[in-house]
Amino acid sequence: MSITETLFSAQGRIRRRDYWLWSIGMSLVCSVGIGVFGGATGAFGAMERGEFPPLFGLVYTVCVIVLTWISVCLIAKRWHDRDKSGWMYLILFIPIIGGLWTLIECGFLDGTQGPNRYGPSPKGINDQPGVF
């Protein structure tokens with residue numbers, strides 16, 4: 001699976017390891033990027049004075065939208081790995097319980113062994129008898 005497919009498509013399955021690495025990695029890259037951009041343009045100093053630079057607001061909004069879409073795609077793929085619909089993402093809208101449930105299911109529990117209706121195992125495991 002290519003990087004583009006991994007980050008921007010909700011099709012297929014990903015491993016827990018990949019979910020954590022991509023989630024944490026993309027969050028760090030965007031946080032550092034926003035910090036560097038805000039510092040370089042003087043946006044943080046302007047905000048302290050009660051001003052809000054429009055260019056910084058635009059860049060920040062684009063980063064939030066892109067990170068949200070990547071999050072939706074990664075979580076949908078983890079639900080697929082658990083052999084559940086990507087629409088299970090909506091459980092996150094249930095306060096407290098939804099976030100905890102998603103964290104446990106997508107972040108800590110192992111995926112379906114072998115292929116399932118969402119594709120082959122991302123670990124390369126094939127549970128069909130007689131196939132090596």
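Helix H2 spans residues 16-41 and contains 26 residues. From its first C-alpha to its last, H2 reaches 37 Å, close to the 38 Å expected at 1.5 Å a residue. The expected span is 1.5 Å times one less than the number of residues. Helices are DSSP runs of H or I with at least four residues, numbered from the N terminus.

The model is predicted: local features need pLDDT of at least 70, side-chain atom pairs count only at pLDDT 80 or more, and totals for chains, interfaces and linings use all residues. Residues are numbered from 1 along each chain as its sequence is written, and side-chain values use heavy atoms, with hydrogens and water left out.

The buried residues of H2 are Tyr-19, Met-26, Cys-30, Ile-34 and Gly-38. Buried means under 20% relative accessible area, exposed over 50%, and partly exposed in between (1.4 Å probe, protein chains only). An α-helix has 3.6 residues a turn, so residues three or four places apart point the same way. The cover over the buried residues of H2 includes helix H1 (3-8), helix H3 (43-48), H4 and H5. Contact here means heavy atoms within 4.5 Å.

Just after H2, Gly-42 takes a positive phi of about 75°. Most residues other than glycine have a negative phi. Asp-83, which is not a glycine, has a positive phi near 65°. Asp-83 lies in the loop between helix H4 (54-81) and helix H5 (97-108). Its relative accessibility is 30%, so Asp-83 counts as partly exposed. Ile-96 is placed in the loop between H4 and H5. Ile-96, also not a glycine, has a positive phi of about 60°. Ile-96 counts as exposed because its relative accessibility is 73%.

Conventions
Helices (H or I, at least four residues) and strands (E, at least two) are DSSP runs, numbered from the N terminus.
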